[in-house]
Amino acid sequence: MGKFQVIDHPLIQHKLTIIRDKDCGTKVFREVVGEIANLMAYEVSRDMPLEDIEIETPMTKSIQKTLTGKKVAIIPILRAGIGMVDGILELIPAAKVGHIGLFRDEETLEPHEYFIKLPEDIDNRQLFIVDPMLATGGSAVMAIDSLKKRGASNMKFVCLVAAPEGVKTLQDAHPDVDIYTAALDERLNEDGYIVPGLGDAGDRLFGTK
Ligand code: PRP
Ligand code: URA
């Protein structure tokens, strides 16, 4: 089973409270989503492999560490995942970015894929799939199915708020994928929204409702 980690650093908890507030407007919501993603990227990248290289400091020759291993691609699930991309790119500026567009049918809660555009070498990259919300888990499972079909194998799923139902569904479907969230909430309501959650992440991020 992949790793499941709640990244509950005090700064992250504080910022999450800001965006959970129904009176938080689009501008602040967008800024703070980016800030949380930026903070989470430290932890998500903690196991990146290092190798020794020899360098010369102004004082002496010295063996020091440098990143090695697979390069990263960030894959936001549209729309809301877009809000997390720039915060992660600040830490990993050489990452490529692929997009997968999914929307959840409001009645059935079933996801539908409407767009996909990926870097050509995703089979050779560590993928960070990002979406603020892991609710039923349907969208995350479909996104990862789609990426695996195209050759991806090394994936981490990064969200801000997860429901227990979504975590279980994702773990059952893709036990090889590590899951990172800033919060594990109580439950889903009858409409498939996370409670207490933060509402509709896409609408709040882009001001569409
Ligand atoms: C939201 C959210 C996730 C999905 C989570 O997107 O950003 O992608 O719902 O729900 P699930 O775990 O039950 O599948 P939505 O479909 O509302 O699209 P949007 O980002 O374009 O608003
Ligand atoms: N999608 C959202 O944007 N919010 C939820 O609470 C559940 C799914």
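Which residues in α1 meet which residues in α2? The views below take that up, along with two other spots. This is a predicted model, where local features need pLDDT of at least 70 and side-chain atom pairs count only at pLDDT 80 or more, while totals for chains, interfaces and linings use all residues. Residues are numbered from 1 along each chain as its sequence is written, and side-chain values use heavy atoms, leaving out hydrogens and water.

**View 1. Helices α1 and α2 side by side.** Helices here are DSSP runs (H or I, at least four residues; strands are E, at least two), numbered from the N terminus. From α1, Leu11, Ile12, Lys15, Leu16, Ile18 and Ile19 meet Val28, Phe29, Val32, Val33, Glu35, Ile36, Leu39 and Met40 of α2; contact means heavy atoms within 4.5 Å. These residues split into 12 nonpolar, no polar and two charged (Ala, Val, Leu, Ile, Met, Phe, Trp, Tyr, Cys and Pro count as nonpolar, Asp, Glu, Lys and Arg as charged, the others, Gly among them, as polar).

**View 2. Helix α3 and what covers it.** In α3 (residues 82–91), the buried residues are Gly83, Met84, Val85, Gly87 and Ile88. Buried means under 20% relative accessible area, exposed over 50% and partly exposed in between, with a 1.4 Å probe and protein chains only. Their cover includes α2 (26–44), β4 (71–78) and α6 (201–206).

**View 3. A closer look at Ser139.** Ser139 sits in helix α4 (residues 138–149). Is Ser139 buried or exposed? Its relative accessible area is 17%, so Ser139 is buried. Setting aside neighbours within four places in sequence, Ser139 is in contact with Ile77, Leu102 and Pro111.

Terms used. Chains lettered and ligands numbered in written order.
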